Amino acid sequence: MPGPKRNLNLNTVPYWEPSYSKKLKYKDYGKKQKYKSHENFHYRGDTKIVGKETDMQECKECHKILPIMAFTTQVLRSDGAWYLKKICRQCHTVNKKETYAVRKNATSKPERCACCHKKKELQIDHIHGSTTFRGWLCRACNTGMGKLGDNLEGVLQAAIYLENDTEKIKETLHKVYNEMFARTQ
Ligand SMILES: [Zn+2]
Ligand SMILES: [Zn+2]
């Protein structure tokens with residue numbers, strides 16, 4: 001009997017594409033799941049959780065390796081099991097308190113992103129690990145900088161990768177800085 005049709009081009013269609021998982025669920029109802037990743041779950045009360053109860057996971061915030069009980073749920077997998085957050089409960093609580101305090105310290109929302117100066121929906125940016133408000137950023141600038149490490153070293157690493165010439169980087173730095181200064185006057 002042929003199995004469910006697979007999406008062979010994984011670059012354009014991920015295997016968890018909804019219509020595909022529906023087919024899989026219907027077809028395999030009452031049978032053992034065919035895919036290893038879907039066999040990987042346990043229950044926390046009535047809640048189905050991805051992974052084994054004995055698994056350990058590193059918190060992306062405090063870098064402690066903790067039992068997965070220390071993590072709360074994040075998003076649902078197609079089989080109804082929850083993926084867990086990448087940061088532990090404790091760090092999550094601290095972050096939430098931080099965000100709340102930063103909101104109080106924030107200035108009123110401007111029209112433009114403090115980084116790219118485009119008119120966009122803005123988010124509050126703060127210095128990580130503190131309640132210090134830094135500025136209002138668009139989502140792209142905020143997540144982009146976050147992914148580069150949220151610091152100058154990370155952003156410069158990317159600059160050096162793009163243009164491996166310190167003179168050119170300095171030249172562009174001055175050009176961008178002057179344009180930015182002209183814009184914000
Ligand atoms: Zn943590
Ligand atoms: Zn921006």
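# A tour of the predicted chain

Select Gly129 to begin; this residue sits in the loop between strand 7 (122-126) and strand 8 (133-138). The model on your screen is predicted.

**Stop 1**

Keep Gly129 selected and show the atoms around it. Is Gly129 buried or exposed? Gly129 is exposed, because 11 other C-beta atoms lie within 10 Å and a residue with 12 or fewer counts as exposed. Gly129 and Glu61 are 68 residues apart in sequence, yet their C-alpha atoms are 9.9 Å apart in space.

Strand 7 and strand 8 run antiparallel and are joined by five bridges. For one of these pairings, pick Asp125: its bridge partner in strand 8 is Gly135. The hairpin has six residues between its strands, and in it Gly129 takes a positive phi near 80°.

**Stop 2**

Move to residues 41-44, which form strand 1, and then to residues 47-50, which form strand 2. How many bridges join strand 1 to strand 2? Four bridges join them, and the two strands run antiparallel. Select Phe41 and look across to strand 2, where its bridge partner is Val50. Then select His42, which stands opposite Ile49 in strand 2.

**Stop 3**

Most residues other than glycine have a negative phi.

Select His63 in the loop between strand 3 (56-58) and strand 4 (65-67). His63 is not a glycine, but its phi is positive, at about 60°. His63 is exposed, because it has 9 other C-beta atoms within 10 Å.

Now go to His117, in the loop between helix 3 (89-105) and strand 7. His117 also is not a glycine, and its phi is positive at about 65°. Is His117 exposed or partly exposed? With 16 other C-beta atoms within 10 Å, His117 is partly exposed.

**Stop 4: Met56 and Ile68**

Return to strand 3 and select Met56, which lies in that strand. Met56 counts as exposed, because it has 12 C-beta neighbours inside 10 Å. Which residues does Met56 touch, leaving out those up to four places away in sequence? They are Ile65, Leu66, Pro67 and Ile68. For a distance, draw a line from the C-alpha atom of Met56 to that of Met69: the two residues are 13 positions apart along the chain, and these atoms are separated by 8.7 Å.

Ile68 is partly exposed, with 18 other C-beta atoms within 10 Å; a buried residue would need 20 or more. Beyond residues up to four places away in sequence, Ile68 touches Gly51, Asp55, Met56, Gln57 and Leu84. Ile68 and Glu58 are 10 residues apart in sequence and 9.0 Å apart in space, C-alpha to C-alpha.

**Stop 5: helix 5**

Select residues 152-162, which make up helix 5, and pick out Gly154 within it. Gly154 counts as partly exposed, having 14 C-beta neighbours inside 10 Å. Not counting residues up to four places away in sequence, Gly154 touches Leu148 and Gly149.

**Stop 6: the whole chain**

Zoom out and show the chain as a cartoon. How many helices and strands are there? The chain has six helices and eight strands. Followed from the N terminus, the elements run α-α-β-β-β-β-β-β-α-β-β-α-α-α. The chain has 185 residues, and 8% of them count as buried. Among contacts with a separation of 6 or more, 32% are between residues 24 or more positions apart.

Last, colour the chain by pLDDT. The mean is 84, and 79% of the residues reach 70 or more. Residues 7-24 have a pLDDT below 50, and this stretch has 11 contacts in the model beyond near neighbours in sequence. Where pLDDT is low, predicted coordinates should not be read in detail.

Conventions
Residues are numbered from 1 along each chain as its sequence is written. Chains are lettered from A and ligands numbered from 1 in the order in which they are written. This is a predicted model: local features need pLDDT of at least 70, side-chain atom pairs count only at pLDDT 80 or more; totals for chains, interfaces and linings use all residues. Two residues are in contact if their C-beta atoms, placed from the backbone, lie within 7 Å. Two strands pair if DSSP finds at least two bridges between them. pLDDT is the predictor's confidence in each residue, from 0 to 100.
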